Amino acid sequence: MPGLYLLGLVVALVGMTVLDRRFGLFFWRAPVRAAVVMVVGIVFFLVWDLTGIGLGVFFVGDTVLLTGVMVAPEVPVEELFFLALLCYVTMDLVGFVAPRVRARADRSGIDARRVDGARG
């Protein structure tokens, strides 16, 4: 069924948006910064994809789940939605975990900015 994969990606993106709104994880915490991070992430992975396509590593296989709309050779429109979902999931996860790690470090008396494990 053409478009089923795109529909699944859109449903997942809506779900991530609901979680983001409910817990203030990413876009609802800092919208401008979130938009910049999202665009940079999508562009980074799109360049990664285009490099892989140029090297012959990535290609669109035969499937009835895609819409058939291509934004570039070997890049279906679904790829853009997938990259957006990948970035959104990652940033929502960071937005959820980071405050808890900082809070735990504060309770332990550890400087949360130090990532090398050295004691001061």
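**Briefing: a predicted helical chain and its core**

The largest nonpolar core has twelve residues, namely Leu9, Leu13, Met16, Phe26, Ala34, Met38, Ile42, Leu83, Ala84, Leu85, Cys87 and Tyr88. A nonpolar core here is a set of buried Ala, Val, Leu, Ile, Met, Phe, Trp, Tyr and Cys residues joined through side-chain atoms within 4.5 Å. Helix H1 (4-23), helix H2 (31-54) and helix H3 (77-108) are the elements that give two or more residues to this core. H3 supplies the largest share, five residues.

This is a predicted model, in which local features need pLDDT of at least 70 and side-chain atom pairs count only at pLDDT 80 or more, while totals for chains, interfaces and linings use all residues. Residues are numbered from 1 along each chain as its sequence is written, and side-chain values use heavy atoms, with hydrogens and water left out.

**Fold and overall form**

- The protein chain has three helices and two strands; helices (H or I, at least four residues) and strands (E, at least two) are DSSP runs, numbered from the N terminus.
- Read from the N terminus, the order of the elements is α-α-β-β-α.
- The radius of gyration of the protein chain is 18 Å, well over the 14 Å that the globule rule gives for 120 residues, so the chain is more spread out than a compact globule.
- That radius is taken over C-alpha atoms, and the globule rule is 2.2 Å times the number of residues to the power 0.38.
- Along the principal axes, the C-alpha atoms fill a box of roughly 55 × 35 × 25 Å.

**Surface, burial and charge**

- Buried residues make up 24% of the 120 residues; buried means under 20% relative accessible area, exposed over 50%, and partly exposed in between (1.4 Å probe, protein chains only).
- The chain exposes about 8300 Å², and carbon and sulfur atoms supply 70% of this area. Accessible areas come from the Shrake-Rupley method with a 1.4 Å probe; for residues, only the protein chains shown count as cover.
- There are 11 positive and 10 negative side chains, and the centres of the two sets lie 20 Å apart. Lys and Arg count as positive and Asp and Glu as negative, while His and the chain ends are not counted. The place of a charge is taken as NZ of Lys, CZ of Arg, CG of Asp or CD of Glu.

**Contacts between parts of the chain**

- Among contacts (heavy atoms within 4.5 Å) between residues at least 6 apart in sequence, 61% join residues at least 24 apart.
- Phe45 is in helix H2 and is partly exposed, with a relative accessible area of 28%.
- Leaving aside neighbours within four places in sequence, Phe45 is in contact with Leu83, Leu86 and Cys87. The C-alpha atoms of Phe45 and Leu86 are 9.6 Å apart, and the two residues are 41 apart in sequence.

- Gly54 lies in helix H2 and is exposed, with a relative accessible area of 66%. Gly54 and Arg104 are 50 residues apart in sequence and 45 Å apart in space, C-alpha to C-alpha.
- Glu74 sits in the loop between strand S1 (70-72) and strand S2 (75-76). Glu74 has a positive phi of about 65° although it is not a glycine, and it is partly exposed at 35% relative accessible area.
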